[in-house]
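Please look through the following notes with the sequence and model at hand. They are set out as numbered points.

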Amino acid sequence: MDPPTAPTNFWTQLLLRPIQRFSRNGSTNASESRIRRRRAVVSFITRRLWLLQLTLFCTGYLWLLIIPSPRLGRRTYIDENALQPGQVNTYWNWGDVHAADKNLAQLEALRDSNATSKQRAEFIRDQFHKLGVSASTQNYAFSTGNTITNGTNVYGIIASPRAPGTEAMVISASWLSRTGDGDGTLNLRGVSTVLALAGFLKGYSLWAKDIVLVVSDGHLDGMHAWLAAYHGSTQSNLQADHLDLPSGVIWTALNIDYPGHSFSHLGIFFEGNNGRLPNQDLLNSFQRISLYTGGVPVLVYDHLDSREHPDLSGLPPWIPTAVRKHPEVQSYVYQAKNVVRHFSYQARGRPSGVHGLFHQFRIDAITLFAVPATGPHGFHAIGRVIESTLRTTNNLLERLHASFFFYILTGADRFLKIGSYLPSAILISIAMMFNGLRIWSDLAWSEDQPEIPEKQKQTQFTNKKTWTRRTRPVIKVLAIMIATHVYGAFLFAAVTSLWFSDNPKVASPLVFTIFAFIPLIILCALPSEKTSRGSLSATLKALNLCLASTVISITALLNFSLATLLTILMGVPLSISATSKKFAVRFCMYNVYIVLGIGWLFLQDETLKAVWHWEILSIWFAPFVCLVYTPLVLQAGLVCLLPQ
Amino acid sequence: MLASWKARLFVGLSLSLSVVKASGEQFDEQLTIQSLRDGKVASTFSFKTLLKGVSPRDPRTLGAEDASQHYNVFPLALGQILREYAVTELHLSLNAGRWNYDRWGYPKEPAVGTGAELWAWMGDGGQVSVDHRWMGLRNALAGLFCASLGSLDEQRTTSPDRSFEPEGMLPDWGVPHRIRHATLPSENVCTENLTPFLKLLPCKSLSGIASLLNPHRLFDADWHGMGIHVLWREDEGVEVRLTFQSVSDPVRSSLGRKRDWSFRSLFDRTIDRQCPIAKTSEITVALPSEGSYSINPEPSVVNAGKASFDVATIDKPLDVALQWSGDFQYVSGFDKPITPFSVQRTLRGSSQAHGQLSVIVKNHQNSTQQVVYLETMPWLVQFYLHTLEIRVDGVRRDGIFSDIAYIPAVPHSRPATFQGILTLPPSSALHLTMDVTKSFLRYTEHRPDAQRGWDLPPAVLTVLELDSNTSTARHPVNPRIYTSTLLVDMATPDFSMPYNVIIFTCSLIAFIFGSVFNLLTRKFVVVRID
């Protein structure tokens, strides 16, 4: 019987073709042919490396663009089985709503009488005492520059029956609402909800964890001082009293923000300091409870769903109606809004509400924002939702864990898991890394006979050409790079100085000018060596690209939004930096990079806010920009500026 | 026919009872109920069995045949354990909740530390070592009370003799006595512990005061705990005291604002008949010092603000009830401390490697007080003693902490014992801080259950009263004060599946990166050697 050879032939040939291709010169020696084959593979890849880079860049940026697409995400689900959201009967009732209304009337009277922080805190403490809840106040003072921020927090602790009191849940409300980033809108209804909850929650013996009720002064500052005192962390510009009443380890926290009269939706705010996110199970549980127990639809942030309110879509009118009304386009637009908002909070490391301060202490926290509307919901709905959410977090036997900390919430019930978004930034950083390594390895060799025709060069990579090794000026380049980071440190010192915050209008153009000229002056002052200057620029570019790529890929896991911002600002610009023969071109290129690197100095408000967040809340966006981002862009600028 | 049989049985029973009363055993039961300032009600059950004229077993006789044990009232199961391991004094308590000293004052029974606590005084000498008997004792008690007392192993056992002095007497056998003490803060008390507890009582929960011990209501209380205390007095004999304490909240369960209570509302039971074996059976109600109230039924004796009921003589079913005329209002300052001093202990810092132990002791009295401060810390948390710092009202002070005894912890085997005397200046707050390091556990040492952190035992403070004549002679006269327990987060790997996936993916990417890096930075050439 003949073996059935015919069908295999095609496949064998297909498989053998690349192998034959890379081992064309038949050789007797096996290891020699292996080396030849490897060489062939390497040169095959290196010759097409630009193609690979281009593909990686395009894929990466395209991927970033399709992140809001409804096809990429999936519906949220509850990962932790212990949570069992919405499985309980709630007891919050109209009597408790009445109590909340009474509290509100008293708080409004307090507001109208222009009570000081201290008076307010004492009033709330007395209210807690009347309910039989142990309560105390805490004074604090922050000093930034010439200003001192004072305030008084008040907190009460409902000790859980039968439990050792080693674990706790927090319900908090800040005196100022997050509306307008704490511009003065009061969160009176949030505070009165907390007070009413104190009386209500005390009446049940089912709590397995202590319930800590905090009414913090100000917007972010009060809670920051309270948490610092609770965890015993010290900060040089903070003076805060010790807390008289201790409780256990806090696992979860709910912050209530209810600025309006009534609300139509509950919005979730979840981004924390330095881009830390709470465990997604908390958000998902709340979303389900709110929808099914409270009957309140949930939003991400406080903007309404443009699919339900088509006039809010924000799409320009010249887009054809067929496209505009297409459900997928509408979903994309709505989800893109959410993603952009998420990126704007997370990239800057800024907490989107008071809850964000908890994350640094490993506490999962979110803010429930009652989106102001004329109706239909009020104290009754929010009380039931909070009660049921507390019952859910009360079920926890261990901290929320698993990998539910990496996600992008594209809608209240849709999210992207880490595998669906992380590759975008990583692909771009890989492209940059390839580019840098390519330049690095090319720099090791110089070609002696450049007159070989182009065609021959592409097809043949044999020993016809002679290559000579050359040294790369690594030490010099490293010195330049370190110098740029020192430059960044000086820039940071200038931006955080008292003088800058006092007169930003004058300071920011001045700092910009000075720091734009410093590199030029230093370069002119340095003695120039003719010998290896051509490779100086290229070596700098190689190392710059490698460093930038590493920074991006590491940041991608810690703070994806920041990594995305870096890929947009540095991905292409750093890859195309090149020196030129003409000084004018070089100088122009340098100026472009300077604008890219320190142009943010002209965004004075943003700069001052970032500095405030650094000084008070230790958010490292400001130092990161000055110490990492600006130096990297400046290095690219120097690549252009250094002569060929 | 049936009637005469019943009559004969009754005669026989009363005969046997009279025998019991005549023999060297005596059983007394008592219930104390007190309304607390915050509307809660503390009830303390105490069942005392006295074995007259008997002394504990000398450990040197452990190898020999023991005297036979014939008890009528005394619990045999417990007696056998005591004889088997030659235990002179034994205290076991199982509590749930945190005793709020500031609001509730000192408890009737001092052992209120959260979780399980076991300590015993045993004579040293004889063939079997104290530690070996201690191991046997805790395992036997674990079996008797269905509690995880077997976990009170050498990783938790200490010998703090200054804070836990014997409550009875130690026989003078010419051999020294040793103490062994261990706590297990994460041990919960529940019905399965109460059932064996009731079995030790002569009337079980069928009659007498013990019939009020209804698990459904007791374990709904805000705080509850049971204790077994065995001690010996030379002139009396071996005494076994079984106690149950609870703090219930009638305000919470009344759905209104009433703090009225009755046996019905507190325990959902009444006393229908007396325990025939009990020599005395007394119910004491601390009468409120303010407000108008009424108490039903009429007490047998009212003396010094206390109403007493004799269960034997009073009409049954007995349902003592205390009723106030108005609604309950929290008076201002209802949580101002009523104890002479109050303690707060916290573990600060959110890092998984380091932390700071902070103890604040506030002296509310106008005189200097001395307290013995004791930490029995498992090796999970280790002290940096050189960072010990004491501030009084914010000012650093030396010489406040004296007589320091410190046995450092040995990782993976022995807990630390840290003991000293704190001198509290009058009306001041003393703040003791000490840096600690959190151990890194071997991966087999992580428990298989839900990882909520590790419970650390309470610190114990014992007041020393300065003797008026000589300041050197000191005796602890006041009860021990237990601080709250702590929960510590150790560095814990996330044992869940997604992290494994991430780790595998990272390894794969590292491998690919390495290969690509090699390809890009190396050149492969064929070198011909001629």
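1. Where is the place of B:Glu109 in chain B? B:Glu109 sits in the loop between α3 (101–104) and β4 (115–123) of chain B; helices (H or I, at least four residues) and strands (E, at least two) are DSSP runs, numbered from the N terminus.

2. This is a predicted model, in which local features need pLDDT of at least 70, side-chain atom pairs count only at pLDDT 80 or more, and totals for chains, interfaces and linings use all residues. Residues are numbered from 1 along each chain as its sequence is written, chains are lettered from A and ligands numbered from 1 in the order in which they are written, and side-chain values use heavy atoms, with hydrogens and water left out.

3. B:Glu109 has a relative accessible area of 8%, so it counts as buried (under 20%; exposed is over 50%, partly exposed in between, with a 1.4 Å probe and protein chains only). Leaving aside residues up to four places away in sequence, B:Glu109 touches B:Thr44, B:His229, B:Arg241, B:Thr243 and B:Gln245 (contact means heavy atoms within 4.5 Å).

4. For chain A, the mean pLDDT (the predictor's confidence in each residue, from 0 to 100) is 86, and 91% of residues reach 70 or more. Over residues 1–7 of chain A, pLDDT stays under 50, and the model has 0 contacts there beyond four places in sequence.

5. A:Ile66 lies in helix α3 of chain A. A:Ile66 is partly exposed, with a relative accessible area of 40%.

6. Residues 506–526 of chain A are 95% helix and 0% strand, with end C-alpha atoms 31 Å apart. For residues 615–634 of chain A, the values are 85% helix, 0% strand and 25 Å.
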